[in-house]
Amino acid sequence: MTGALSHLRVCDLSGQLAGAGATKILAAFGATVIRVEDPATRGTWDALRTVGPYVDERRGVDLGAGFNNHNTGKYGVTINLRFDEGKQLLRELVAISDVVCENFAAGALEHRGFGYEDLRRIKPDIVYVSNCGFGRTGPYRDFKTWGPIVQAVSGLTYTSGLPDAEPAGWGFSYMDHGSAFYMTVAIMAALHHRERTGEGQHVDLATVPAGIAMLPTEILDWTVNGRPAKAGGNRADFGECAPHGIYPCRGDDRWIAIACRDDRELALLAKVLDEPALTSDRFGTLAERLASQDELDELIGAVTAERNAHSLAADLVDEGIPASVVKSPQERIDGDPELAEMGLFPTVTHPDMGRVRVEGVPMTFSATPWTMDVGGPKLGQHNHEILGDLLGHDDQTLKAWTERGVI
């Protein structure tokens, strides 16, 4: 293997989105990622194994497209830690790994004898990265979170929505994806430290503070001015420009995003829309536009509703006005030439689902590009390859362990 990380082996005890998303990136750059699951739960511990979307009418633990998307390029083994043999297997796997990562609730692995201090006794220079809602210390360490809960606790949900309406939330498990990116950085930083010093370490990643870190302006405004954040829909957070919003276009559920940063751009918008009222005195200054945003948005929306979203966006961009079509999934995945050139949605081959597309990595390396061509592992798919060929256990032993539920 020639990937940038092909020298690394990762013992991946993580799942769902927050942990699996991080190790997916490592695997894309060539790391050997060995995904460990519990055979006793028959694949249901990781909810993504059994939920859609699906490629056809078939259902089962090996057919969840979300799981496949987040586990491309990984090996999959099953180890039951309720058995002494299972615990010994995991110790053997840790001993030959560079990284162990997990996103269980705080204390879950310590309770099973696989906390950081336990792993250090197995491999002194191990890099151990854990990821949970509030981290392993502090008064909230036992508070169990899920992506939407993290977003609510961190304050992201409070700032999202329309004025005078309930918070709108941040979509499906947004912070699971966000914390996966932080987890990738944490793993690489700890490995860089080990490369320089020979020392492993435990990185305790907390997802809620990762969400709070996405609110710097709101935090600063409260800290300096004592001013609470308000949900403002699509308008500029601090009144830095107007108009600033999403406007209807011709057709079913078609929209365009427009932002005018100064008087000059407003004049250009009036020209493209052929709406001279936008340059009237009541919109002459930013302060006046902010005071009349409802009227301003209504005026713009009445004109854009008669225009084609794509042609209007092109006209606005040609004039130097920040604008974009609000793209549908089809437009993003199949209709965007830049994403196609980047190869952001590669096709992988899954043992049961066949050839399906997954999300790639949004970066391009000139010397060591990422690759994705193999789908996520079926439950226990690589038990013989990893537990047998790599760890050295014979077929008879593996067969006996399978029958007893050890693997």
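These exercises concern aromatic rings and charges in a predicted model.

Residues are numbered from 1 along each chain as its sequence is written. In this predicted model local features need pLDDT of at least 70 and side-chain atom pairs count only at pLDDT 80 or more, while totals for chains, interfaces and linings use all residues, and side-chain values use heavy atoms, with hydrogens and water left out.

**Exercise 1.** Classify the aromatic pair of Trp 45 and Phe 104, and state which parts the pair ties together.

*Solution.* Rings of Phe, Tyr and Trp (its six-membered ring) pair if their centres lie within 6.5 Å, and planes under 30 degrees apart count as stacked, over 60 as edge-to-face and the rest as tilted. The structure holds five aromatic pairs. In one of them, Trp 45 and Phe 104 are 5.0 Å apart centre to centre with 35 degrees between the planes, and the pair is tilted. Trp 45 lies in the loop between strand S2 (32-37) and helix H2 (65-70), and Phe 104 in the loop between strand S4 (99-102) and helix H4 (108-111), so the pair ties together parts that are 59 residues apart in sequence; helices (H or I, at least four residues) and strands (E, at least two) are DSSP runs, numbered from the N terminus.

**Exercise 2.** Classify the pair of Phe 134 and Tyr 140.

*Solution.* The ring centres of Phe 134 and Tyr 140 are 5.0 Å apart and the planes stand at 65 degrees, so this pair is edge-to-face. Phe 134, Tyr 140 and Phe 143 form one aromatic cluster.

**Exercise 3.** Find the ring over which the charged end of Arg 49 sits.

*Solution.* A charge sits over a ring if NZ of Lys or CZ of Arg is within 6 Å of the ring centre and within 35 degrees of the ring normal. For Arg 49 the ring is that of Phe 67, with the charged end 3.8 Å from its centre.
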